[in-house]
Amino acid sequence: MRYAVLHRGDELSASLTNRFHELAAAHGLTRDESHPEIVISIGGDGTMLQAFHQYFPILDSTSFVGIHTGHLGFFADWKADELELLVQYMADNMQQERVAPRTAKYPLIELEIDGDDDIPKTFIALNEFTLKGLDGTLVAQIDINDQLFEMFRGDGICVSTPSGSTAYNKSLGGAMVHPSIESIQIAEIASINNRVYRTLGSPLILPKHHSCNIFSRKKQRLLLTVDHLTFPVENLRSIRCRVASQKVTFVRYRPFPFWNRVREAFLGYDENGCQIT
Ligand code: NAD
């Protein structure tokens with residue numbers, strides 16, 4: 001089995017990475033940074049976002065596992081002291097040629113950028129993308145399924161995946177969406193609402209095959225973020241987004257249902273009501 005490790009860069013994550021390579025070599029796993037079947041991210045959720053974007057070109061043939069070196073992450077659910085156990089699971093899986101390990105496949109967002117800035121014209125986001133005004137209010141027209149929906153004025157717009165619904169979207173009052181619901185969620189960031197300007201004011205969830213277009217409605221300096229990546233843009237015409245045709249695969253050597261993950265990450269206790277340290 002070919003694997004790659006990407007770590008956060010701090011001392012603990014780096015030393016865990018070295019230990020992982022030692023254990024993996026002892027169990028006959030093959031280190032392959034360019035075509036891994038499994039990518040292990042060691043650090044936090046931000047490290048998983050980096051791993052996702054680095055290995056995005058081989059998304060169809062690779063799966064991800066996250067080890068956290070701080071608090072329980074949403075994507076990083078293995079603890080640092082479980083390194084040996086994880087390698088053992090990987091080695092068992094390889095040697096016994098069992099059926100493929102259980103996996104969870106999560107929906108992603110596909111964005112197409114129409115504009116004259118020197119940035120990629122397409123992106124895939126694991127968590128979300130946001131569009132914000134750099135000098136103040138973002139003025140944008142939002143169309144749903146190619147029909148005018150609303151004119152938006154405010155700080156910005158956040159469009160998230162179900163797995164990203166627990167991240168920035170949650171801070172904006174968006175709903176947490178189970179990743180089996182293939183959808184994208186549009187949440188407002190501080191919209192202006194008065195007698196003159198009006199937006200829906202509620203987050204909304206679009207199913208697969210629906211699309212949303214965000215048209216920049218004046219000459220404005222904007223900030224586009226896609227997960228942890230940030231791009232200033234000055235010549236944006238529009239962003240078209242929808243549920244991507246591809247999905248990301250996470251290996252689940254042991255089950256960790258989404259709602260358990262939510263309970264542990266946000267409420268801080270396990271299924272027996274015990275506080276998680
Ligand atoms: P980071 O690593 O500091 O992440 C910020 C926080 O978001 C961390 O606590 C991380 O655990 C958490 N997080 C990331 N993905 C998550 C998910 N899917 N579910 C629950 N929590 C999640 O910062 P970064 O490396 O730049 O990560 C970028 C992410 O930070 C963005 O994708 C965005 O979701 C999040 N973010 C959140 C806010 C906010 O809540 N106000 C603002 C900006 C960015």
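## Basis and total

A salt bridge is a side-chain nitrogen of Lys or Arg within 4 Å of a carboxyl oxygen of Asp or Glu. Over the whole structure, the search returns 18 salt bridges.

The model is predicted, so local features need pLDDT of at least 70 and side-chain atom pairs count only at pLDDT 80 or more, while totals for chains, interfaces and linings use all residues. Residues are numbered from 1 along each chain as its sequence is written, and side-chain values use heavy atoms, with hydrogens and water left out.

D32 pairs with R2, and their closest N and O atoms are 3.6 Å apart. Because R2 sits in strand β1 (residues 2-7) and D32 in the loop between β2 (30-31) and β3 (38-43), this contact ties together parts 30 residues apart in sequence. Helices (H or I, at least four residues) and strands (E, at least two) are DSSP runs, numbered from the N terminus.

A salt-bridge network links R2, D32 and E37. D32 is buried at 17% relative accessibility, whereas R2 is partly exposed at 34%. Buried means under 20% relative accessible area, exposed over 50%, and partly exposed in between (1.4 Å probe, protein chains only).

## E82 and R254

The closest N and O atoms of E82 and R254 are 2.9 Å apart in their salt bridge. E82 lies in the loop between β5 (78-79) and α3 (83-95), and R254 in the loop between β16 (236-251) and α5 (258-267), so the pair joins parts 172 residues apart in sequence. E82 is buried, at 14% relative accessibility; R254 is partly exposed, at 25%.

## E264 and R263

E264 forms a salt bridge with R263, with 3.9 Å between the closest N and O atoms. Both E264 and R263 are buried.
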